[in-house]
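Good morning, colleagues. I would like to take a few minutes to present one model and the charged side chains in it.

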Amino acid sequence: MPIYTRTGDQGQTSVIGGRVDKDDNRIEAYGMIDELNSFVGVAASLAGPELFSDLREQLVEIQQELFDCGSDLAYVKLSESRYKVAAQLAERLETWIDRYEAENPPLERFILPGGTELASALHVCRTVCRRAERRAVTLSRHTEVNPHVLTYLNRLSDYFFAAARTANARQHVSDIEYARGRKVFGNKS
């Protein structure tokens, strides 16, 4: 059976409950999530089993959940009973973030994306996740969407930031501080 269907040759594609143009806000939103999922796969492949078995396992789980996010955004008509993304997923991300932040050195300034290859890949995931979140917000302005997807994407970008810092810390590579900035974190004044 061929993987091509020819049904999209005129610029439309199927979603759950209908057909839309391929540049529809819905397609942009879950297409960006698909792009993010590919970058998460790259990061997972860089997470060596010696230092990062926990991170690799989490990233593979996140890939599954990103498919769930895309599925939830693919519904033309609301179907809460069929949604896959729930509040617990963002709460679990918060637990993972807290664990990573406990390993990381104190943050005083903004940091530049980079450091180790894994940290750099996770920073790419963070920025693509922010773009996916923006596309999902745009979609939510025009139609109802599962609000837990928005929360999940917002928390997920924080997860990637914390995980990138941990990737550097575990390999004894310092984050690169933004040199032209002043201390903005941890200030009491």
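I shall begin with the overall architecture and then turn to the salt bridges.

Please note that this is a predicted model. The protein contains five helices and four strands, arranged along the sequence as β-β-α-α-α-β-α-α-β. Of its 189 residues, 40% are buried. The exposed surface comes to about 10900 Å², with carbon and sulfur atoms supplying 50% of it.

Now to the charged pairs. The structure holds twelve salt bridges, and I have selected some of them. Aspartate 54 pairs with arginine 170, with 2.8 Å between the closest N and O atoms. This pair joins helix H2 to helix H5, across 116 residues of the chain. Arginine 170 also meets glutamate 103 in a salt bridge, again listed at 2.8 Å from N to O. Here helix H5 is linked to helix H3, and the partners are 67 residues apart. Within it, arginine 170 is buried, at 18% relative accessible area, while aspartate 54 is partly exposed at 28% and glutamate 103 is partly exposed at 38%.

A further pair is arginine 135 with glutamate 28, at 4.0 Å. It connects helix H4 with helix H1, over 107 residues.

Key
Residues numbered from 1 in each chain as written. Predicted model: local features only at pLDDT ≥ 70, side-chain atom pairs only at ≥ 80, totals over all residues. Heavy atoms only, no water. Helix = DSSP H or I, 4+ residues; strand = E, 2+ residues; numbered from the N terminus. Buried < 20%, exposed > 50% of the residue type's maximum accessible area, 1.4 Å probe, protein only. Areas by Shrake-Rupley, 256 points an atom, 1.4 Å probe, with all protein chains shown as cover. Salt bridge = Lys/Arg side-chain N within 4 Å of Asp/Glu carboxyl O.
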